[in-house]
Amino acid sequence: MMMNKELSIVLLLAWRSVWKNKRRTVLTLLTVVIGSAMIIFLNAFATGGHEQMIEDAVSTNTGHIQIHEKGFWDNRGTDYAFQADEGLLKLLESDSRIKSFSRRIHAAGLLSCRDTTVGAMIQAVDPARENEVTDLHRHIIEGRFLDENDTTSVVLGAVLARNLGVKPGGKIALISQGFDGSIAAEKLTVVGLFNSGNPEYDQSLMIMPFAQAQQTFTMMGYINAITIHLKSPAYTDAVRDHIRRHVDTGALEVMGWDGLMPELVQFIVMDDIGAYIFDFILFMVVAFGILNTIQMSVFERIREFGVMLAIGTRPGQVTAIVIFESLFISIIGVVLGMALGSGISYYFTLNPLDYSQFADEIAVWGIATTLFPAKLTWLNITVTSFLTLGLAVLFTVFPARRAAKLNPIEAIRHL
Amino acid sequence: MNLRKAAVVCMTALLLPAGEGLMALTAREIIDRAENAVRGNSAMGTYAITIKTRRWTRTMELKSWDHRSTKRSFSEITAPKKDAGNRFLLVNKTMHQYVPKLQQEIKISPSMMMQSWMGSDFTNDDIVKESSILDDYTQRLIGNKSIDGTECYEVELIPKKDADVVWGKIIYYARITDCLPVRQEFYNEHNVMKKVMALSGFKTMHDRVIPTIMKMQTVGKDDRYTVMEIKEIRFNVAIPDYIFSLQNLKRK
């Protein structure tokens with residue numbers, strides 16, 4: 001009981017001193033509120049932006065997981081190919097975490113239309129399944145996407161088509177090399193153009209039907225890749241490892257999106273480092289704001305502490321009073337900051353920042369995302385709150401100890 | 001260029017009035033002799049090109065007409081059946097490929113001259129020879145080096161500023177005895193070696209001794225290479241103009 005009473009006196013004294021100098025407290029509160037709100041918002045913005053970039057990259061073409069013959073992803077040659085056996089296909093069909101998967105053939109070749117010849121990346125897909133694996137069909141700006149009955153019909157990136165001088169309905173010639181080393185050549189009809197926003201695809205990607213590519217490139221049943229789209233990106237590692245356990249990993253490579261797009265992962269890591277540095281600066285601003293306030297408040301009350309110590313208050317109690325004072329300010333600040341930060345974040349979740357004006361500048365990084373939404377996570381809010389409180393207490397220890405160590409006789413006489 | 005060459009010749013003549021055999025060759029003369037020997041002013045030949053990749057090995061036969069002085073060349077794949085009839089023509093610095101399956105010719109733009117020819121380790125330029133190591137590069141003799149027991153001149157070729165070539169540097173090893181090439185190393189603009197061509201099978205073809213086997217390998221891709229073997233060749237023969245015509249390219 002004694003302890004409780006003592007504690008309540010300490011808390012009361014601390015609470016009173018919080019409001020003794022209202023203007024200073026309000027200013028400090030503002031620092032804490034704005035600081036923590038900004039940290040929460042910036043983190044939410046980074047999280048949301050990164051998830052969006054991954055989602056865009058995955059859904060445009062890459063998928064969450066790909067299976068190839070070992071070495072394909074580094075060399076991208078048509079001759080890195082494998083035969084997808086029944087067992088593997090059944091494994092993928094039966095996994096409930098997989099939304100869909102599609103077999104692909106990849107090649108490099110020349111496309112020619114009248115006097116113009118342009119190098120292109122050729123990707124053969126199964127039109128019936130591709131719509132569930134990627135959303136390239138939603139980026140068609142002219143004509144249509146491939147369907148199951150197509151043979152020599154192809155879809156081109158809009159920039160590629162412009163460079164070739166061809167429109168939907170137009171004919172082009174393809175020359176490349178077959179899987180057996182022979183010359184692969186075909187006359188093709190362009191049926192649609194896409195604008196994915198990814199400059200690499202728009203400039204150089206041609207999509208053709210899988211069955212036709214099997215013949216054109218003399219694939220003899222071999223394929224270059226299986227692209228898998230999962231029901232949630234969170235399953236990526238688990239499904240990847242699950243597949244790895246069932247295939248010969250000496251012959252095949254099973255890669256998650258992070259392995260498929262290391263440059264995107266690198267960008268995110270770099271961006272995160274930048275954000276951490278900024279977070280650190282903000283935390284320091286908040287911490288020193290609190291330190292400053294408490295320091296001043298202790299300095300102004302030297303006589304008061306002197307009297308308290310003189311009438312028998314223990315130094316530990318004085319320390320506690322000062323620390324609680326700072327804790328009260330930070331708790332109020334953090335709660336308000338959480339509300340403000342979450343509010344701003346939520347606004348940008350509903351109204352993503354539109355960077356499409358800067359699409360060309362962003363494209364330099366190989367990023368096709370132009371709408372950046374914020375995404376709040378509990379982790380972000382919890383970590384920010386506790387770090388702010390922790391720092392506030394940590395930075396108050398020094399002035400608090402100073403108050404406790406005062407010599408009462410000298411302190412009472414202090415002006 | 002001619003002035004410079006003349007100057008070089010004059011200087012050499014003045015400084016070394018001894019017999020020609022003793023006269024030191026300039027780097028340009030070494031390359032000039034090598035090219036003259038290997039390509040002549042014109043050449044007509046049959047080649048076997050074997051491409052080995054990690055998955056397959058296949059051999060094609062190629063007939064080729066090369067007119068070095070006018071920078072025209074024409075070649076046609078004659079075997080295997082599947083690829084026979086594909087023809088390649090270089091005129092006016094432009095390469096054309098005729099694809100019999102499409103019954104259509106495709107223009108290969110100059111920017112694609114450095115791309116792989118038919119999936120081999122040779123580039124389009126290596127086959128149709130648009131660029132000239134004599135005129136598009138400046139030659140500098142670095143020294144002598146022994147390549148597989150053969151004493152060679154080591155000549156460095158740096159592209160001229162206005163030359164439309166992709167290599168940043170070529171190191172050309174030519175035998176001291178007769179200036180025939182033994183080895184060529186191709187570097188990119190960052191001075192990293194990308195390809196190596198080893199020449200061997202020196203024997204008399206038509207009226208001269210030349211290397212008949214050229215093995216091209218891409219650095220870092222040890223599981224593949226391309227070998228071009230000269231089966232038959234005749235030098236400095238008159239080649240009628242119609243050979244280098246689009247009609248000849250597209251003939252049925």
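Biologist: Where in chain A does A:Met220 lie?

Modeller: A:Met220 sits in the loop between helix H8 (210–216) and strand S9 (225–230) of chain A. Helices (H or I, at least four residues) and strands (E, at least two) are DSSP runs, numbered from the N terminus. This is a predicted model: local features need pLDDT of at least 70, side-chain atom pairs count only at pLDDT 80 or more, and totals for chains, interfaces and linings use all residues. Residues are numbered from 1 along each chain as its sequence is written, with chains lettered from A and ligands numbered from 1 in the order in which they are written.

Biologist: Why is A:Met220 called exposed?

Modeller: A:Met220 has 11 other C-beta atoms within 10 Å. A residue is exposed at 12 or fewer, buried at 20 or more, and partly exposed in between, with C-beta atoms placed from the backbone. So A:Met220 counts as exposed.

Biologist: What makes S4(B) and strand S5 of chain B a pair?

Modeller: Two strands pair if DSSP finds at least two bridges between them. S4(B) and S5(B) (residues 94–99) are joined by 5 bridges and run antiparallel, so they pair. In S5(B), B:Thr94 is the bridge partner of B:Val91.

Biologist: What kind of peptide bond joins B:Ala79 and B:Pro80?

Modeller: A cis bond, with omega about -5 degrees. Most peptide bonds are trans.
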